[in-house]
Structures are given as structure tokens and as C-alpha cells.
Amino acid sequence: MPPLSRWFIKSSFVYLVATFVSGVLAVVDAAWDVIPGAVQVTPVYYHLFMLGWVSQLIFGVGNWMFPVYSREAPRRSERLGWAVYGLLNGGLELLVLAEVVRAFAAEQAGHWLQAVGALLLWLAGTAFVANTWGRIRGK
Amino acid sequence: MPALSVWFVRTALFYLLLGFTFGGLLLSNKGVPYAPALWRLRSLHIEILMVGWFIQFAMGVAFWIFPRWWHEPRRGDERGAYLAYGLLNLGIWAVALPLLFDWSGVFVTIGRVVEAAAALAFATHIWPRTVGREG
């Protein structure tokens, strides 16, 4: 398994744990209002699950198992692959940070962090599709 | 990779791009509001990523890598899988458009029925291929 896939897949398991932790927090907060401020745990929970776990696992396994692009560049651009990893994880972490900053520190700063996180995630998705499209083909 | 998997996975990648774009617009608009009407894309964003990206991708990869027969046709009767591809993509838009334009819930129900039919068609194809080495 190539190093990039190992990073994707191991990170996806970290996010799976984080997903369930945030799920517990959301349920506990709904019942006893233990989290001070206006932290919105539920959207974080869904994004950790669908982006951090599902999509990241797919990206990792896809990078590993999809048909090779060419003999010289079997996984097309390795550099773009690593950029996808950085953008996806950076964007996701900014989304989580934005919720915390928005609720506890500076609301406007949190909003901007969320917008930047959204942009990074969009770039990650676009770069993954660009790097993978050419590998999805018949024999 | 067989032709149908190429269609499934490339269509899934198209929906990934569309879903991430809608998600990016929604999140950025939530962070820095510039177009309140964008909030209408939320249901579409969820439908496209859950069904269009994730489920479609899983079907495409399953059709490709699940065990094949020693004899032709190696993937058995493929009609269920082809039917699933058509129904799934019809169902996505049959659900998504009414959610976007606030059409009657009847249309969403029809869309969900079409998606369920897609799942049934795919299961019909993949069930006999879900076997061990001994068959």
C-alpha cells in the first residue's frame, strides 16, 4: 500500500473515533446542556463522518487500488495526491476550529475560518477528481 | 475495470464535485452570508453526496471487484446492475428537484421508490456473486 493511502486510511480511522466522540457530545449536550456557548456539534458530527471517515477512506483505497494511470506515473500526480490530503484535512480541521472560535472567542473570525475551510474542502474534492478521473477506465 | 464500473465511478466523481461545490457554497455562505437563497441547496447537497457519491461509488466498485465466475459471463447476469445505474440516477434527480423547488412531497416519495428499486436491482445482481472460493 503506498504511503499516501496509509495516511488517508489511518487518518480516516482517527476521524471515525472523532465522529463518535462528537456524536456522544451532541447527545449529552442535548440532554444536559453541558457545552457552554452556542457550539453546533451536529454539523461537525456529519462532516467528520462523511468527509473525515467515508470520503477519506475512499480517497485512500482509490489511490491504492484504481487502475494505474501509466507506467511512469501509476497514481498520476503524487504531488496533487498529497495536496488533496492536506487540503481535505486542513479544511476539515478549520471547520471544527471555526465552531469553537465562533462560539467562544470571536464570532466574525469563526465565520471567516468556516469560509476558508469550505474553500479548502472544495479544492480537495476538485483536485481528487482531477487526479483520479484518468485512472477510471477499462483495460 | 468493466465499462459499467467506469460509468458508476465517473458519475460518482461528478456528484462528488457537485456535492462539494454545493457544500462549499453553503458553508461559505453560513460563514460569511452573501446569498440567503443558497440555503435551499442543503437537501440537494445531502442527497447528492449520500446517494450520488457514496452509494453510487460503492456499487461501481462492488460490480468491479466482487468474485467472478470461472465461466462466461464472468459477472453473471449484468442486467440488474445496469438497471440499478439507470434507476439510481433517475431517483437522485426525482428526489433532488422537488426538494430544491419545494414541489409536492409526492414527487420525493416517487424518487425514493425509484432509489429503492435501484437498490433492489443491484442486490439482485450482486447477491449470487457474494460467495467464497468454494462457491
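Helices α2(B) and α3(B) are roughly antiparallel to each other, a class that takes in angles over 145 degrees, whereas angles under 35 degrees are roughly parallel, 65 to 115 roughly perpendicular and the rest oblique. Their axes cross at roughly 175° and come within 9 Å. Axes are lines fitted to C-alpha atoms, for helices over the stretch in contact, with angles from 0 to 180 degrees between N-to-C directions. Helices are DSSP runs (H or I, at least four residues), numbered from the N terminus. On α2(B) the contact includes Ile48(B), Val51(B) and Phe63(B); on α3(B) it includes Ala84(B), Leu88(B) and Ile92(B). Residues are in contact if their C-beta atoms, placed from the backbone, lie within 7 Å. By class, this contact has 13 nonpolar, three polar and one charged residues. Ala, Val, Leu, Ile, Met, Phe, Trp, Tyr, Cys and Pro count as nonpolar, Asp, Glu, Lys and Arg as charged, and the others, Gly among them, as polar.

The model is predicted; local features need pLDDT of at least 70, side-chain atom pairs count only at pLDDT 80 or more, and totals for chains, interfaces and linings use all residues. Residues are numbered from 1 along each chain as its sequence is written, while chains are lettered from A and ligands numbered from 1 in the order in which they are written. For chain B the mean pLDDT (the predictor's confidence in each residue, from 0 to 100) is 93, and 99% of residues reach 70 or more. The complex has an ipTM of 0.89 and a pTM of 0.92.

The largest nonpolar core holds 60 residues. Such a core is a set of buried Ala, Val, Leu, Ile, Met, Phe, Trp, Tyr and Cys residues joined through C-beta atoms within 7 Å. Leu88(A), Leu121(A), Ala12(B), Ile48(B) and Ala84(B) touch the most other members. Helices α1 to α4 of chain A and α1 to α4 of chain B each supply at least two residues of this core. The largest share, 11 residues, comes from α2(B). Beyond four places in sequence, Leu88(A) contacts Leu51(A), Gln56(A), Leu121(A) and Ala124(A).

Gly60(A) lies in helix α2 of chain A. Gly60(A) counts as buried because 23 C-beta neighbours lie inside 10 Å; the cut-off is 20 or more other C-beta atoms within 10 Å, with 12 or fewer for exposed and partly exposed in between. Beyond four places in sequence, Gly60(A) contacts Ser5(A), Phe8(A), Ile9(A) and Ser12(A).

Between the chains, 22 residues of chain A contact 21 residues of chain B. On the chain A side, α4(A) gives the most, with 13 residues.

How values were computed
Contact = placed C-beta atoms within 7 Å.
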